[in-house]
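Student: Hey, can you walk me through this one? I've never looked at it before.
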Amino acid sequence: MKKRKERIDRGIKARSEDVFALSSFREMLYLLAPRALPVLGLLVFAPLLGAYWREILMSTAIYALLAMSWDMLVSVGLISLGQSLFYGIGSYVAGSLNHYLSWPPILTIPAATVLGGLICTLFLLPVVRLRGIYFAMVTLVLPLMLLRLVEATRILGGTEGLTGLDPFPGQLTAWYVLQAAVLVTLFGFRRLMGSDYGLIIKGIDDSDRSVMSAGINIHWYKAQVLFLGASVGSFAGACGTHLDMFAGMPGFALDYSIMPIAAAVVGGAGTFAGPLLGAFILVPLSEILRALGALRIVFYGVFLVIFVVVLPEGIFHYCRRKYHQIERWVEVE
Amino acid sequence: MFLGTIVYGFINSAILALLSMGFNLTFGISGVANFAYGAVYIFSGFLAWILMHSWGVPYFISVLAAIFCSGCVGILMYYVVIIRVKGLSLSEVMATFGIGMAVMELFRYFDFVGFRYTLPVFVDGSLSFGEVYIDYQRVLIALIAVCLTGFIYVFTHHTRVGLAFRAIAQDERTALTFGIDSDRIGAFSMAFGSALAAVAAIVILPLGTIAVEGGYEVLINALAVCIVGGLGSTVGILVASVLIGYAQTFTANYLEPHWMILVSLIAIAVVLTVKPSGLFGRQKELEERI
Amino acid sequence: MSSETPLLQVKDLSKSFGGVMAVASVSFDLKRGELLGIIGPNGSGKTTLVNLITGFVKSDTGRILYEGRDITGWPPYKVVDLGIARTFQMVRPFYQLPAFKNLIVPLCSPRVKKLAGGRYGDRDAVALDLLEEVGFERDAFVSYKLAGALPQGYLKRLELAKSMALRPDLFILDELFSGLSLAEVAGIVPIIEKMRIQGKTIIMIEHRLKELFRIADRVMVLNYGVKIAEGQAQEVMEDEAVKKAYLGSEG
Ligand SMILES: Nc1ncnc2c1ncn2[C@@H]1O[C@H](COP(=O)(O)OP(=O)(O)O)[C@@H](O)[C@H]1O
Ligand SMILES: [Mg+2]
């Protein structure tokens, strides 16, 4: 008796987003489940965790934000090797406002989101005009140089950094702020990229001359995307600062660059859900592997290479395909 | 003081040029940006150290072996990783970045940290130059930088292989129709660039210790010089090295040493706003010829 | 603006690429409603001329005036905003998108928004209408197919539709017919004739002389970046220099 593998595509009707011909409860569930999963997971169940894991999940959320910000930049063809630039700037802006002007976190975080986004956009605006690897080069160099600038000139607290900053009003508040931010970013970015605006963004990445000939100022759009990505990254930095009650040089360090990229690539770039998934796999994993010390970064590096070279699709795309398809063995005579 | 600044500025420039040459050359020949460059640099330093101190191999042989092995590492990287993502420049960037990161942190994990990791100088002693004293190692650095630059210029502009490289860099598809094997050249470019990184490491590392941070530092410096000079241009690299090198030395001597880092930052900021593709860069703004 | 001012004036335009003079001191005028054909052997600088006018390439010397206004050195998006739309010789649609989604990008442009008085309306519907206009059969649902799955003839029409979506006054069509069969060309010619009836001004770059001469008011010939002749189709083809350029390039 022979068997062959049969593959059925489930719910093409339910999936094609323009046609809302939902006929049964099952179909609705089928569509809603993947969207409800992160919401329920983050907002309802996770608070039940112990304090230790909650803490880890908060830093996971910060990395997830950085990873989604990275993904946003990728969607317009900009590869950033320096997410720590966004993190560090956001962190220092929030830290300075809190330290020097005594603004409470409720003000510093929004201010750092906007200001940080603007500062980073201004820094990187000239490079956005160039194609290819220039953006990667500059984003890699800038945070590391800023780090040494802080160290050398002893501005903003120098090597000690700004310490004793105000914490969040409570751990649960911090938790909900972060998870809400993750969800808003996830669904907001996905929505944006699904709209006509997203079509333009992807068009710029795909063939910039076509978009230019359509009467669209591609540099302006790239600047907008850069600002969006940088603000989300700065927001992550501002939150991280108030969580740690500290803003300092580690904010510019490579950890905040390599981890989000690895998360995004492992999860699957271009979907925002992929980077989120990647962060929720890699960060807790690295927490478990804490004893390994420097070896963790080795793992990120190796993961990054393997996924870029062998599995460029990422985990999320794979899961999505499997979710929509049913595979089974059937008998053939 | 002034004469000293001039001399040390020159040596500083030579160091910068040496550090960035390999990265630039690989990119200039095959369009591959090797972000594992810093890792190759410290790899060759540690390799030479291990050969000399753990295995007792004589200096010259260790040095040659380190340079040779670095070249091989370049080839290996090309055939194992880069070739699979060739042409997808963003994947190339991330893959080489990941490799570099992994290698450097691996050294940290195996505890290659400390003052004992130093390479010996080539010859001891120093030279007086009016009232300025410079050690022979620094003279050697300057000499090697000058020779290598000359060699690379002649090689890429006046030999057949070099011209083939430039043809590939300019238009891969046309070059292919003339029977030039782009993979062999890509591998060669990686080997060449990595070997240059090793040469730089062998002559520059004796001035300090071999440290993992040094790898990152080298990558930053190489990138900074390339950004200012313009990626892929040998002349640009030289001009940028001299500019940044002298500016740093002058700042260090006449202002304060800790302002040095500011010089590179300002140079990058100014160049990026005035001419984003670098002083001698020809980076296209548009995706393709239309 | 007096009716005598030409719609487009090009004065002494030059561009060289590392020693190669791609366009050398080319001047010409274009009246409103005219159809100007530009012909010339391969590599004679026709595409470069288009790139110069539409701002994709910056000129070395010379000036470009549109409705009397100097637009030299303007970036492409501003040029389009004035009402100049171009097509590309080498089509490059967004392959992973359905054909009609390719038109969304031009339909999002500031110019379309301005013409529509700030309201976009249903872009998908507009896109589908436009594609039907250029001959995408609605019954066969061609517009919904992925652009990557369409044959060359449709891609060229798609390219044309993209420029029409911008509702320009001046079309610049770069070798729209090249690579198409006679039947396919015959399908596109009526679209261009219809555009003329609507009073659009058109510059057509073409190798298919027969089809071009049937619809062009005036023809200009480039060779090695230099304008060697201009006038009625008949006169131009009699010209000795033109004969030599064409025979030379073929022989
Ligand atoms: N971006 C460019 N870089 C270098 N040379 C170019 C570029 N664009 C065009 N050229 C050169 O300019 C000349 C004219 O090309 P082109 O305008 O494409 O001719 P045509 O469209 O008439 O066939 C050719 O010699 C071509 O090689
Ligand atoms: Mg052409």
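This is a predicted model: local features need pLDDT of at least 70, side-chain atom pairs count only at pLDDT 80 or more; totals for chains, interfaces and linings use all residues.

Student: Okay, so where does A:F272 lie?
Tutor: A:F272 sits in the loop between α11 and α12 (273-288) of chain A. Its phi is positive, about 65°, although A:F272 is not a glycine.

Student: Is A:F272 buried or exposed?
Tutor: A:F272 counts as buried, because its relative accessibility is 3% and the cut-off for buried is under 20%.

Student: And what about the phi of A:M245?
Tutor: A:M245 has a positive phi too, about 55°, and is not a glycine either. You'll find A:M245 in the loop between α10 (218-244) and β3 (246-247) of chain A. With a relative accessible area of 37%, A:M245 is partly exposed.

Student: Back to α11 in chain A. How does it pack with α13(A)?
Tutor: Helix α11 (residues 255-267) and helix α13 (residues 295-309) of chain A pack at an angle of about 35°, and their axes are 9 Å apart. The crossing of α11(A) past α13(A) is left-handed.

Student: Which residues meet there?
Tutor: From α11(A) you have A:D255, A:I258, A:M259, A:I261, A:A262, A:V265 and A:V266. On the α13(A) side they meet A:I297, A:Y300, A:F303, A:L304, A:F307 and A:V308. By type, that contact divides into twelve nonpolar residues, one charged and no polar.

Student: A:V305 is in which helix, and what is it in contact with?
Tutor: A:V305 lies in helix α13 of chain A. Leaving aside neighbours within four places in sequence, A:V305 is in contact with A:V310 and, in chain B, with B:V81, B:A95, B:G98 and B:I99. A:V305 counts as buried, at 12% relative accessibility.

Student: New topic: the magnesium ion. What are its protein donors?
Tutor: The protein donors of the magnesium ion (ligand 2) are C:T47, through OG1, and C:Q89, through OE1.

Student: What does C:R123 touch?
Tutor: Not counting residues up to four places away in sequence, C:R123 touches A:D196 in chain A, plus C:I104, C:L107 and C:C108. C:R123 lies in helix α5 (residues 123-133) of chain C and is buried, with a relative accessible area of 14%.

Student: Let's do chain B. How many residues does helix α4 of chain B have?
Tutor: Helix α4 (residues 89-109) of chain B has 21 residues. From first C-alpha to last, α4(B) reaches 30 Å, close to the 30 Å expected at 1.5 Å a residue. Of its 21 residues, 15 are buried, so α4(B) is largely enclosed by the rest of the structure.

Student: What follows α4(B)?
Tutor: α4(B) is followed by B:D111, whose phi is positive, near 65°.

Student: And what do the buried residues of α11(B) pack against?
Tutor: They pack against α5 (105-128) and α6 (134-153) of chain A, together with α9 (212-229) and α10 (234-254) of chain B. Among those buried residues are B:I261, B:V263, B:L265 and B:I268. The helix itself, residues 260-274, has 15 residues and reaches 22 Å, close to the 21 Å expected.

Student: Last one: is B:F68 buried or exposed?
Tutor: B:F68 is exposed, with a relative accessible area of 59%. Its place is in helix α3 (residues 59-80) of chain B.

Definitions and conventions:
Residues are numbered from 1 along each chain as its sequence is written. Chains are lettered from A and ligands numbered from 1 in the order in which they are written. Side-chain values use heavy atoms; hydrogens and water are left out. Donors are N, O and S atoms within 2.8 Å of the metal (3.2 Å for Na, K and Ca); water is not among the atoms, so sites may look incomplete. Helices (H or I, at least four residues) and strands (E, at least two) are DSSP runs, numbered from the N terminus. The expected span of a helix is 1.5 Å times one less than its number of residues. Buried means under 20% relative accessible area, exposed over 50%, partly exposed in between (1.4 Å probe, protein chains only). Axes are lines fitted to C-alpha atoms, for helices over the stretch in contact, and angles run from 0 to 180 degrees between N-to-C directions. A crossing is left-handed if the near helix is turned anticlockwise from the far one by less than a right angle, and right-handed if clockwise. Contact means heavy atoms within 4.5 Å. Ala, Val, Leu, Ile, Met, Phe, Trp, Tyr, Cys and Pro count as nonpolar, Asp, Glu, Lys and Arg as charged, and the others, Gly among them, as polar.
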